[in-house]
Amino acid sequence: MLKIGILNGPNLNRLGIREPEIYGYETLNDLKHILVDESHRLDVDVDFFQSNHEGEMIDKIYEWADAGFFGMITNPGAYTHTSIALRDAISSTNLKNVEVHISNVYKREEFRHTSLTAPVSQGIISGLGFYGYVAALHYLAQANHK
Ligand code: DQA
């Protein structure tokens, strides 16, 4: 079965509590349920991982790559704008990566307008809330069959 990793970065464990006017009231666990349900419909296998630590995120990417995963959905949180190390990890594997942001980063502070990880990703979705992850999962599920 096609394997897809879902990687959420720093502070996303606080979804539902953290700035709900920006990120909404749903939690990371709600997101997990939505994506696990969707994965059954799409007949793909998802592995869900969140960390507040850059190195742990990088280790997970290599673990997925070595385990033969097809792709991943990443929301690197603020590391999007700062982490060359994460970018290097994404670009050094064959995993197809879709970058997702819950908020529309282009409507927000200027420092959020630069993504170091977007240029090594297949595409990015920003501002569609949790639906962005669902859309990314659909994309990856069908990208495999082309
Ligand atoms: C975010 C946007 C980032 O700028 C921010 O640092 C986050 C969340 C989003 O999902 O909208 O932590 O990635």
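In which loop does Arg 108 lie? In this predicted model, Arg 108 belongs to the loop between strand E4 (96-101) and strand E5 (123-126), where helices (H or I, at least four residues) and strands (E, at least two) are DSSP runs numbered from the N terminus. Residues are numbered from 1 along each chain as its sequence is written, and side-chain values use heavy atoms, with hydrogens and water left out. Because the model is predicted, local features need pLDDT of at least 70 and side-chain atom pairs count only at pLDDT 80 or more, whereas totals for chains, interfaces and linings use all residues.

Arg 108 counts as buried, because its relative accessibility is 17%; buried means under 20% relative accessible area, exposed over 50%, and partly exposed in between (1.4 Å probe, protein chains only). The side chain of Arg 108 forms a polar contact of 2.9 Å with the side chain of Tyr 23. A polar contact is a pair of N or O atoms within 3.5 Å; within protein, one must be able to donate a hydrogen and the other to accept it, and residues adjacent in sequence count only if both atoms are side-chain atoms.

Tyr 23 is also one of the residues that surround the ligand, among them Arg 18, Asn 75, Ala 78, His 81, Ile 102 and Arg 112; a residue is near a molecule if one of its heavy atoms lies within 4 Å of it. The shell comprises 4 nonpolar, 5 polar and 2 charged residues. In this division, Ala, Val, Leu, Ile, Met, Phe, Trp, Tyr, Cys and Pro count as nonpolar, Asp, Glu, Lys and Arg as charged, and the others, Gly among them, as polar.

An N or O atom in the side chain of His 81 is 2.7 Å from a ligand oxygen atom. For Ile 102, a backbone N or O atom lies 2.8 Å from an oxygen atom of the ligand, and for Ala 78 the corresponding distance from a backbone N or O atom is 3.2 Å. The ligand taken alone exposes 320 Å², of which the protein buries 99% (Shrake-Rupley method, 1.4 Å probe).

Two residues other than glycine show a positive phi. Most residues other than glycine have a negative phi. Asn 11, in the loop between strand E1 (3-8) and helix H1 (20-23), has a phi near 75 degrees. Asn 11 is partly exposed, because its relative accessible area is 38%. Glu 19 is likewise placed in the loop between E1 and H1, and its phi is near 35 degrees. Glu 19 counts as partly exposed, because its relative accessibility is 36%.
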